[in-house]
Amino acid sequence: IETNVQFAQIVSPSDTIAIITLSLKISGNESLINLCIPHSALEPVANVLNTRLLTGGQQDKTGGKSYQEPILGKLQTTPVPLRAILSETTITIDELRSLQPGDVIQLDNQIGDPIQINIGHLPRLIGQLGTKSKKYAIRVTGFVHEEEEYE
């Protein structure tokens, strides 16, 4: 990632570019994302782009409705991988090679210890193991904040 445009020599300074600024809001935090696309990258698809969409800001073909609702609808139904890490342990390669059905692997966590829940690959939630309708379940008991590290 290059933050100084002087060193990001993607195109010559005289070339035409499209700058797209998006407002991003996640969990109450809002920031801007700027995308810079050279004209040469847009040229092959320029004939299928709607010029009103390119110059019209947040309006679509339906007469001024915002794109926010359809985008939010898509985001709200997007599947996100959720993994509960019951425990971790370390074994040797020799122990791994000799594992057989019925062997017991001793874990580091105790019964009742908090369980890390990853959203994607990042730890974001803390939970407690239990059951619901005769199936294993995890009750969310807290959040892992970015400045904290799960122990």
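Which residue in strand 2 is the bridge partner of isoleucine 19? The partner is cysteine 36. This is a predicted model, in which local features need pLDDT of at least 70 and side-chain atom pairs count only at pLDDT 80 or more, while totals for chains, interfaces and linings use all residues. Residues are numbered from 1 along each chain as its sequence is written, and side-chain values use heavy atoms, leaving out hydrogens and water.

**Hairpin**
- Strand 1 (residues 17-26) and strand 2 (residues 29-38) run antiparallel and are joined by 10 bridges; strands are DSSP runs (E, at least two residues), numbered from the N terminus.
- These two strands form a hairpin with 2 residues between them, and serine 27 in the turn has a positive phi of about 50°.

- An open sheet of 4 strands has the order 3-4-5-6 with antiparallel pairing (two strands pair if DSSP finds at least two bridges between them).
- Strand 3 (82-85) and strand 6 (135-143) stand at the edges with a single partner strand each, so one side of each has no neighbour in the sheet.
- Strand 4 (residues 115-119) is joined to strand 5 (residues 122-132) by 5 bridges, and proline 123 in strand 5 is the bridge partner of asparagine 118.

**Exposure of leucine 22**
- Leucine 22 lies in strand 1.
- Leucine 22 counts as partly exposed because its relative accessibility is 41%, given that buried means under 20% relative accessible area, exposed over 50%, and partly exposed in between (1.4 Å probe, protein chains only).
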